[in-house]
Amino acid sequence: MKTKKQRSMAAVLVTALLLGTLSIPGGTVSHAASKLKVTAPKTVAVNQTVTIKTNVTAKFKSGNKKIATVSSKGVVKGKKAGKVKITVTSKSNKDQKKTVTITVQNKLVITEPANAKAALKVDETVKIKTNLSSRFSSSNDSVAQVSSNGTVTAKSKGTATITVTAKKYKNLVKKVTVTVEEQTEATTQVPTTEKPTSEVPTTENSTTENKTSEQPETEKPTSEDKITEKPTSEQLTTEDTSGEEIIIISEEPTSEEPTTEKPTTERPTTEKPTEKPTTEKPTTEKPTTEKPTTEKPTTEKPTTEKPTTETPTTETPTSEEPTEEKTVVGIEANYGNNKVPYMAVDYLFTSRDVTINLLYDDGTKEELTIDKSSLANVVKKKVEEVDYGAIVTYMVFYNQFSCSMTIEYIYTDDIYPIGINVYSTGKIKKVGDTDLASDEYKVLVTYSDGTAEYVDNSNCRYAYIQETEEKGYDYLIIYDCYFTDSNGNELYVGKSIYFSLPYE
């Protein structure tokens, strides 16, 4: 019987295998696997990191560890400029592989302080941190000084701009705005010195109440008490001139209160002191005539107080005066690092892509915003053909100033940007909010091989231009692209475009 049952069960199993389905009470066996999906950023700056995300557990491998490395968790770190391929393989199914290409850029990033802005009190410090070894300079050392390692020390009230320049790539420049305020402790100490002065007359009021009882308590100076009886009325009228004497008198008799009876018996024994006050009575009349003389010093006291109130008011204008006296003595102009791919025979580009710095008579300089740079005029003056491309000299004109600018056009077989388009993400701005947030627009870059892709707009600069008639705001956007080609040339391409966003 057992053999027949075993044979029948074997037949059922063979039949199930032939049909390709095996049903088991309580469930069904399934071998379906999830398809590998990969999300990766397109760019990363040198010494910065980005993360590749997957929907399944995966392995990661870098095609060139000299350009970028990748960890077991998909964290990619840029090492030097270039393009690298990262291979992503599913751990559950090794047949599922995908390759992503990431471009490592020579980009200067300010990691601290946040948003490249710092607010300090006088004598406070902050350290500027970057992803690249950099040099630092301050636009106003009297407001904020910066050391060679990026430590900023606040000196006086005002605003200073710290210029950060990459040591290896002089074309990579960032700016940090430092606002300095005066210490609040210094301002609170001024009124504290005034409070004790107001407390002095309060002690005089209490002492004057004791003076009537204190006068008979003094033993030897009984004659002086009689002398001070009449001047006491004068002392009350001129509290400031005799405040110190009243405090001294109030301290001595406090310990002599139980001896109030003894001094009364001593007063008649001293005959000479009684004669002195009689002779001094007419002298007390003379001080009455001197009362107006005591009024004169009282009028002089407020005159001495005026300069004390005027001293703090003169502090603020002194720090602002030097900034107003600066005058522009010239300009300088650059197009990135002045090395670009050999892209056209006319060697022309728009002036808004040029960076212009105003040069001041104190040796400092200030970069114009891109909307102001677009007002410059760029004229081609000389073209020199060389074996690696061309060297072109331009003249740049801005207001009454001008300067020359030399750009090298270098042959390259690498792919580089040739144009950009900017699109809205659908967000509607509020009235009055002219700041352009990174999540309000996206940038589509077109490359020399005909391809196009959306890029991280952190490589973009913008300037607000004007309000439109269609209830919106106009902006000028520039996309900066620094890259190293296969020949080791460090090149730059900057593309600009106007863009509008509606508001509510």
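Let's start in a loop: asparagine 338 sits between β21 (328-334) and β22 (339-341). This is a predicted model, and in it the phi of asparagine 338 is near 65°, a positive value in a residue other than glycine. Most residues other than glycine have a negative phi. Asparagine 338 is also buried, with a relative accessible area of 16%, and one of the residues in contact with it is methionine 405.

That brings us to the core. The largest nonpolar core has 64 residues, and Val178 and Met405 have the most contacts inside it. In soluble globular proteins, nonpolar side chains tend to be buried together.

Now for the overall picture. The protein has eight helices and 33 strands. It runs to 504 residues, of which 34% count as buried. Its accessible surface comes to about 31300 Å², and carbon and sulfur atoms hold 51% of that. Of the contacts with a separation of 6 or more, 57% are between residues 24 or more positions apart.

Three strands form an open sheet in the order β28-β29-β30, with antiparallel pairing. The edges are β28 (417-424) and β30 (452-455), and each has a single partner strand, so one side of each has no neighbour in the sheet. From one strand to the next, the twist averages 30°. Between β28 and β29 (residues 441-447) there are seven bridges, and serine 424 has tyrosine 441 in β29 as its bridge partner.

What about charged pairs? A search of the whole structure finds seven salt bridges. Here are three of them:

| Salt bridge | N to O distance |
|---|---|
| Lysine 129 and glutamate 112 | 3.9 Å |
| Glutamate 332 and lysine 365 | 3.0 Å |
| Lysine 429 and glutamate 440 | 3.0 Å |

Take the pair of lysine 129 and glutamate 112. Lysine 129 lies in β15 (residues 129-130) and glutamate 112 in β12, so the pair ties together parts that are 17 residues apart in sequence. Lysine 129 is partly exposed at 38% relative accessibility, and glutamate 112 is partly exposed at 38%.

The pair of glutamate 332 and lysine 365 joins β21 to β24 (residues 365-367), so parts that are 33 residues apart in sequence are tied together. Both ends are partly exposed: glutamate 332 at 24% relative accessibility and lysine 365 at 45%.

Is the pair of lysine 429 and glutamate 440 buried or exposed? Lysine 429 is buried, with a relative accessible area of 1%, and glutamate 440 is buried too, at 9%. Salt bridges that share partners join Lys429, Asp433 and Glu440 into one network.

Proline 113 lies in the loop between β12 (110-112) and β13 (117-121). The other spot is asparagine 47, with a positive phi near 70°, in the loop between β4 (43-45) and β5 (49-51). Asparagine 47 counts as partly exposed, at 37% relative accessibility.

Notes:
Residues numbered from 1 in each chain as written. Predicted model: local features only at pLDDT ≥ 70, side-chain atom pairs only at ≥ 80, totals over all residues. Heavy atoms only, no water. Core = buried A, V, L, I, M, F, W, Y, C linked by side-chain atoms within 4.5 Å. Buried < 20%, exposed > 50% of the residue type's maximum accessible area, 1.4 Å probe, protein only. Contact = heavy atoms within 4.5 Å. Helix = DSSP H or I, 4+ residues; strand = E, 2+ residues; numbered from the N terminus. Areas by Shrake-Rupley, 256 points an atom, 1.4 Å probe, with all protein chains shown as cover. Pairing = 2+ DSSP bridges. Axes fitted to C-alpha atoms, helices over the stretch in contact; angles between N-to-C directions. Salt bridge = Lys/Arg side-chain N within 4 Å of Asp/Glu carboxyl O. Lists of a residue's contacts leave out its neighbours within four places in sequence.
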